[in-house]
Amino acid sequence: IDRHHLYLPGHYAALALGYRLFGYSAFTSLLPNLLGYVLCAAATFLLAWRLSRSRAAAWLAALLWLGFPPLLLFSFSAMAELTLCCAAAVALCAFVYLPPRRRPLGGAVLLCLPFLFRDIAEYLFKYYSLPPDKNVGK
């Protein structure tokens, strides 16, 4: 740890909780990412079901998430990528299921969740916060 990097506590807190509950082992180091992999698939299913109103589309979205090769690789590593994906997917899923009158405040609170896991979480939301005519890719 040095003064030029920002280490956020989300992934490390998940690791610490796993060590506390199950003891120290290599498998315990993988548990946050494995759990994040499954929770992301569940959140993807719920998001697709809510947005498309089709159970077949929801299952297809969840299966596509589960079968994507880089996600399989990251699920069996101790890096923080899938815990960040899980935090972002759960926050988005919770936002979509919030009642419309609760979304302004609830969305602001839920937006904080991915930032607990990685400092690069800003890239998840920077593109979506721009007006359509100010697309980042242009």
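In this predicted model, α2 and α5 pack at an angle of about 30°, with their axes 8 Å apart. An angle under 35 degrees counts as roughly parallel, so α2 runs roughly parallel to α5. The crossing of α2 past α5 is left-handed. On the α2 side, the contact is built from Pro-32, Asn-33, Gly-36, Tyr-37, Leu-39, Cys-40, Ala-43, Leu-46, Leu-47, Arg-50 and Leu-51. What α5 brings to the contact is Leu-82, Thr-83, Cys-85, Cys-86, Ala-89, Val-90, Leu-92, Cys-93, Val-96 and Tyr-97. Sorted by class, this contact of α2 with α5 comes out at 17 nonpolar, three polar and one charged residues.

α2 also packs against helix α3, which spans residues 55-67. Here the angle is about 150°, and the axes lie 8 Å apart. Since angles over 145 degrees count as roughly antiparallel, α2 is roughly antiparallel to α3. The crossing of α2 past α3 is right-handed. From α2, the residues involved are Tyr-37, Cys-40, Ala-41, Thr-44, Phe-45, Ala-48, Trp-49 and Ser-52. They meet Arg-55, Ala-57, Ala-58, Trp-59, Ala-61, Ala-62, Trp-65, Leu-66 and Gly-67 of α3. The tally for the contact of α2 with α3 is 13 nonpolar, three polar and one charged. Tyr-37 and Cys-40 of α2 turn up in the contact with α5 and again in the one with α3.

Turning to the other partner of α5, helix α6 covers residues 103-110. α5 and α6 pack at an angle of about 175°, with 10 Å between their axes. That angle makes α5 roughly antiparallel to α6. Ala-91, Ala-94, Phe-95 and Val-96 of α5 make this contact with Arg-103, Gly-107 and Leu-110 of α6. By class, the residues split into five nonpolar, one polar and one charged. Val-96 of α5 takes part in this contact and also in the one with α2.

Then there is the second largest pocket, with a volume of about 320 Å³. Its lining comes to 16 residues, and those closest to the pocket centre are Ala-14, Leu-17, Leu-31, Pro-32 and Leu-35. Elements giving two or more residues to the lining are α1 (10-22), α2 (26-52) and α5 (81-97). In terms of class, the lining holds 13 nonpolar and three polar residues, with no charged ones. Pro-32 ties this pocket back to the helix packing: listed among the residues closest to the pocket centre, Pro-32 is also part of the contact of α2 with α5.

Technical notes
Residues are numbered from 1 along each chain as its sequence is written. This is a predicted model: local features need pLDDT of at least 70, side-chain atom pairs count only at pLDDT 80 or more; totals for chains, interfaces and linings use all residues. Side-chain values use heavy atoms; hydrogens and water are left out. On a 1 Å grid over the protein atoms alone, a cavity is a set of points where a 1.4 Å probe fits but cannot get out, and a pocket is an open set with protein on both sides within 12 Å along at least five of seven lines; lining residues have an atom within 4 Å of a point. Grid points are joined across faces, edges and corners, and a volume is the space filled by probe spheres set on the points. Helices (H or I, at least four residues) and strands (E, at least two) are DSSP runs, numbered from the N terminus. Ala, Val, Leu, Ile, Met, Phe, Trp, Tyr, Cys and Pro count as nonpolar, Asp, Glu, Lys and Arg as charged, and the others, Gly among them, as polar. Axes are lines fitted to C-alpha atoms, for helices over the stretch in contact, and angles run from 0 to 180 degrees between N-to-C directions. Angles under 35 degrees count as roughly parallel, over 145 as roughly antiparallel, 65 to 115 as roughly perpendicular and the rest as oblique. A crossing is left-handed if the near helix is turned anticlockwise from the far one by less than a right angle, and right-handed if clockwise. Contact means heavy atoms within 4.5 Å.
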